[in-house]
Amino acid sequence: MAASRLPPSALTLKQFLRRQQVLQLYRRILRAIRDVPAEADRHYLKDWAREEFRRNKDATDEDAIRMMITQGNMQLQELQRTLKLAKS
């Protein structure tokens, strides 16, 4: 039987795509935080987001990861709605 050329720690396609979703969500959250007017609030939100992603970085259960992505998207939408209301 031929040996695999991939290292044992290589991601599957599904894991790779899910990782891309997580990274995209993280970037979108950080971009939204840039629009927060108060510097102290920006700092708090950036630390919160960083800690949440760090805390869950070792998650492997596919359903849990999907749920966290959904929850993160909902929190991002809430932040964006709040910022939009603050500007108007």
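Predicted model: local features only at pLDDT ≥ 70, side-chain atom pairs only at ≥ 80, totals over all residues.
View 1. Leu13 is found in helix H1.

**View 2. The whole chain.** The chain has 3 helices and 0 strands. Its pattern along the sequence is α-α-α. Is the chain a compact globule, or more spread out than one? It is more spread out, because its radius of gyration is 17 Å, well over the 12 Å that the globule rule gives for 88 residues. The C-alpha trace spans about 65 × 20 × 15 Å along the principal axes. Of the 88 residues, 16% count as buried. The chain exposes about 7,400 Å². Take the contacts between residues at least 6 apart in sequence: 70% of them join residues at least 24 apart.

**View 3. The largest nonpolar core.** Which residues make up the largest nonpolar core? There are 9: Leu25, Ile29, Ala32, Ile33, Val36, Ala49, Leu76, Leu79 and Leu83. Two elements give two or more residues each to this core: helix H1 (13–33) and helix H3 (62–87). H1 supplies the largest share, with 4 residues.

**View 4. Val36, a member of the core.** Val36 belongs to the largest nonpolar core. What does Val36 touch, once its neighbours within four places in sequence are left aside? Its contacts are Asp41, Arg42, Leu45, Leu79 and Leu83. Leu79 and Leu83 are also listed among the residues of the core.

**View 5. Ala49, a buried residue of helix H2.** Ala49 sits in helix H2. Is Ala49 buried or exposed? Ala49 counts as buried, because its relative accessibility is 1% and buried means under 20%. Ala49 is also part of the largest nonpolar core. Apart from neighbours within four places in sequence, Ala49 is in contact with Tyr26, Ile29 and Ile33. Ile29 and Ile33 are core residues too. Gln20 gives a distance for scale: Ala49 and Gln20 are 29 residues apart in sequence, and their C-alpha atoms are 17 Å apart in space.

View 6. Side chains of opposite charge can pair when their charged atoms come close. A search of the whole structure finds 5 salt bridges. One of them joins the side chains of Glu62 and Arg18, at 2.7 Å from N to O. Which parts of the chain does this pair link? Glu62 lies in helix H3 and Arg18 in helix H1, so distant parts of the chain are linked, 44 residues apart. Both Glu62 and Arg18 are buried.

View 7. Arg50 and Asp47 form a salt bridge. Their closest N and O atoms are 3.4 Å apart. Why are Arg50 and Asp47 separated by about one helical turn? The reason is their spacing, because they are 3 residues apart in helix H2 (residues 39–55). Arg50 counts as partly exposed, at 29% relative accessibility. Asp47 is partly exposed as well, at 33%.

**View 8. Glu52 and Arg55, another pair in helix H2.** Glu52 and Arg55 are joined by a salt bridge, with the closest N and O atoms 2.7 Å apart. Both residues lie in helix H2. They are 3 residues apart, about one turn of the helix. How do their classes of exposure read? Glu52 is partly exposed, with a relative accessible area of 25%. Arg55 is exposed, with a relative accessible area of 53%.

**View 9. Asp35 in a loop.** Where is Asp35? Asp35 lies in the loop between H1 and H2. Asp35 is partly exposed, because its relative accessible area is 43%. Leaving aside neighbours within four places in sequence, Asp35 is in contact with Leu83 and Lys87. Leu83 also belongs to the largest nonpolar core. Asp35 and Asp63 are 28 residues apart along the chain. Their C-alpha atoms are separated by 31 Å.

Definitions and conventions:
Residues numbered from 1 in each chain as written. Heavy atoms only, no water. Core = buried A, V, L, I, M, F, W, Y, C linked by side-chain atoms within 4.5 Å. Buried < 20%, exposed > 50% of the residue type's maximum accessible area, 1.4 Å probe, protein only. Contact = heavy atoms within 4.5 Å. Rg over C-alpha atoms; globule rule 2.2 N^0.38 Å. Areas by Shrake-Rupley, 256 points an atom, 1.4 Å probe, with all protein chains shown as cover. Salt bridge = Lys/Arg side-chain N within 4 Å of Asp/Glu carboxyl O.
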